[in-house]
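Please keep the sequence and the structure in view while reading.

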Amino acid sequence: MNANDAVSLEEQFANLLAAYDEALADGRADTPTPEALVPPPLRDRLRRAWACLQRLKQDRPSSSSPPPSSPPLPLAGEIRLGRFELRRELGRGGFGIVFLAWDSWMRREVALKVPRLEAFLIPELRRRFLHEARVAAGLNHPGIVPIYAAGEAGAVCYIATAYCPGGNLAQWLSARTDPVSPRQAAALIVALAEAVRYIHEHKIWHRDIKPSNILLQPLPSPTVDGLPFTPRLTDFGLAKLLKAHTPPTKYGTVLGTPAYMAPEQAAGRLQKIGPHTDVYALGAVLYELLAGWPPFRGADSLDVLRQVSEDNPVPPHRLRPGLPRGLERICLKCLEKQPHERYARAGELAADLRRFLDGQAIAPETGKSRP
């Protein structure tokens with residue numbers, strides 16, 4: 001094995017470990033990656049690491065995190081992390097815990113993300129956490145949550161970002177009692193597609209676009225299409241910088257969230273991941289906005305991965321009669337199994353959605369407007 005192969009295996013090990021940590025955070029004990037897809041040199045090491053994560057999960061006090069149905073409680077007393085005063089927990093993800101904090105230097109509220117307990121004990125997870133800050137620090141777009149600061153206070157590393165008081169898209173959807181209007185759905189995905197176009201221009205694939213990674217910045221008044229917020233993309237923990245040289249490997253790694261994964265991502269075909277992979281995820285979010293749930297649901301993550309690879313999604317109009325067929329065609333074009341049959345770029349998706357919003361017809365064959 002040469003040095004490049006060793007680097008590639010280390011990256012895969014970190015990715016696989018982080019994916020399992022996220023599964024545990026979501027209350028799932030099943031490994032998100034079948035062992036058959038794990039490179040043989042990593043299997044024994046990964047089994048031990050998975051067992052370590054399980055023990056850490058079991059050893060945590062049951063009161064360490066509130067039940068899903070309860071809001072996070074305010075922190076008792078003043079807790080400081082460097083220049084930041086922690087006020088209350090906002091949520092937990094696969095790689096970290098997010099707090100509402102007060103930045104005493106800049107005198108503003110921020111969302112402060114710190115690694116989960118596992119990251120202090122497992123160096124690969126700590127590196128993955130800091131990788132998110134490096135990826136997103138140079139991005140500047142209204143559809144992306146900006147990073148204000150990243151650093152370490154003693155043994156704890158952190159990322160400070162803009163605070164979006166509207167929560168995330170997953171929470172907004174779960175709190176709704178009425179369907180999202182087609183115009184709202186199209187306008188929301190237009191905004192996200194423009195943000196994705198921007199990160200692609202900076203040679204970054206996000207690879208984990210999903211409702212919980214879309215934060216909502218409330219607006220003083222709704223947009224012309226009725227959106228009461230601006231959607232902003234966050235959480236670049238799985239993002240891949242193209243300019244960072246990673247040699248190809250014959251082994252794949254399953255990264256991301258199964259319900260929003262493209263088939264090439266679900267199969268662990270790293271060399272096939274590109275702009276079309278994020279376009280698929282945008283289509284999966286659009287599908288959920290239109291139909292009420294993601295394109296594929298299953299008993300467990302392995303079942304969802306199989307459906308993503310083998311099955312076609314039910315056309316949204318069968319689940320919600322009366323949907324505009326042009327918008328449905330745009331959605332299903334994003335969800336094609338073969339990457340070359342999807343929109344090649346997020347900007348092309350945004351352009352077709354604008355045509356829909358402008359009342360132009362969408363051609364059934366190509367997804368482009370008719371002359």
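## Leucine 290 and its surroundings

Beyond residues up to four places away in sequence, leucine 290 touches Pro182, Ala185, Pro316, Arg320, Leu323, Leu327 and Cys331; contact means heavy atoms within 4.5 Å. Between leucine 290 and alanine 185 lie 105 residues in sequence, while their C-alpha atoms are 6.9 Å apart in space.

Leucine 290 belongs to helix α8; helices are DSSP runs of H or I with at least four residues, numbered from the N terminus. Leucine 290 counts as buried because its relative accessibility is 3%. Buried means under 20% relative accessible area, exposed over 50%, and partly exposed in between (1.4 Å probe, protein chains only).

## Basis of the model

The model is predicted: local features need pLDDT of at least 70, side-chain atom pairs count only at pLDDT 80 or more, and totals for chains, interfaces and linings use all residues. Residues are numbered from 1 along each chain as its sequence is written, and side-chain values use heavy atoms, with hydrogens and water left out.

Tryptophan 293 sits in the loop between α8 (275–291) and α9 (301–310). Because its relative accessibility is 32%, tryptophan 293 counts as partly exposed.

## Helix α9

The buried residues of α9 are Ser301, Val304, Leu305, Gln307 and Val308. Viewed down the axis of α9, these residues fall within an arc of 160 degrees, so they line one face of the helix; the arc is that of the directions from the helix axis to the C-beta atoms. Their cover includes α7 (263–266) and α8.

Notes. Helices (H or I, at least four residues) and strands (E, at least two) are DSSP runs, numbered from the N terminus.
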